[in-house]
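Dear colleague,

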Amino acid sequence: MTAPLLTPQKYPAAGTGIAPAPPQDLIHGLTRDITRTPPQPDSQLELVSFNLCPYVQRAIILLTEKGIPHKRSYIDLANKPDWFNKLSPLGKVPLLVTPAGTLFESAVILEYLDETAGTSLHPESAFEKARHRSWIEFSSSILATISGFYSASTRQKLEEQAQLLTEKFSWLEQSLKEHSYFSDSNFRLVDAAYAPVFRYFDVFESFCDFDFFRNAPKVRNYRTALGLRPSVKSAVRADYPDLLLAFLRRKNSSLSGLIPDDLFLGEPNRK
Ligand SMILES: N[C@@H](CCC(=O)N[C@@H](CS)C(=O)NCC(=O)O)C(=O)O
């Protein structure tokens, strides 16, 4: 069966106010069996995704902000389809399948989407644009530390990673001003990179308190503003907290041991 064509939708340009949540038919838009059939490059973009991946969320947020019609295939990273292994040089999601070919690496995908659809969400000045790109790199390093935090095998290593996270948020604090978003009150590409970082902490704080943001009041405000953005809210499934808790439990790490049984409602359906 071929994928249904989605009707192009127009949303208010990002940065001009609050973008509405995307219609539900943009969420999947796929009917083929993705375990067997690779993306079919047609006139529409397809984002090859995994439902917990923060790097995938970056791309979804930008696609939503820019109102770009697209399809999404959600693969199981524990059981990667053959077509995915042939398409992904690093074996990682996200991939963006375009009529011209396939792109990988979320920061590159964001730049491509920014250049090819609507008004750019980068600042105009060459220096500011480069500065935003530097801080996008930094957001990726925070994501790597988050992974080190939830995978730490001992309490000592867990605390070391927590301390590293606190230090990284102190660095970010110095780069922020008193605005809602990274550089001003307009949502920018850099904000799409940071939003998935903060989503983790809503779940971490439901069962442990490392006070990661103690030295970072502007980061706390930034986190709140990003969490309220409709494109950010709708970038994950409604049961994301349960999926993440189940993922953290399966890690058998020091952090896994802190999750109380009554918070864990069992393995959600991961499909
Ligand atoms: N630097 C990459 C990182 C992407 C990444 O690490 N993706 C993870 C999922 S969140 C992945 O696909 N891992 C492959 C695996 O688990 O085998 C990017 O920005 O796109």
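**Helix packing and the ligand shell**

Helix H1 (residues 54-65) packs against helix H3 (residues 106-116) at an angle of about 10°, and their axes are 9 Å apart. Axes are lines fitted to C-alpha atoms, for helices over the stretch in contact, and angles run from 0 to 180 degrees between N-to-C directions. Helices (H or I, at least four residues) are DSSP runs, numbered from the N terminus. H1 and H3 are therefore roughly parallel (an angle under 35 degrees). On H1 the contact (C-beta atoms, placed from the backbone, within 7 Å) is made by Tyr55, Arg58, Ala59, Leu62 and Leu63, and on H3 by Ser106, Ile109, Leu110, Leu113 and Asp114.

This is a predicted model: local features need pLDDT of at least 70, side-chain atom pairs count only at pLDDT 80 or more, and totals for chains, interfaces and linings use all residues. Residues are numbered from 1 along each chain as its sequence is written.

For helix H4 (residues 126-151) and helix H5 (residues 155-175), the axes come within 9 Å and cross at roughly 160°. That makes H4 roughly antiparallel (over 145 degrees) to H5. Among the residues making this contact are Trp135 and Phe149 of H4, and Leu158 and Lys168 of H5.

The ligand is surrounded by residues (C-beta atom, placed from the backbone, within 6 Å) that include Phe50, Cys53, Tyr55, Lys92, Glu105 and Ser106. Tyr55 and Ser106 also take part in the contact of H1 with H3.

Methods
Helices (H or I, at least four residues) and strands (E, at least two) are DSSP runs, numbered from the N terminus. Angles under 35 degrees count as roughly parallel, over 145 as roughly antiparallel, 65 to 115 as roughly perpendicular and the rest as oblique. Two residues are in contact if their C-beta atoms, placed from the backbone, lie within 7 Å.
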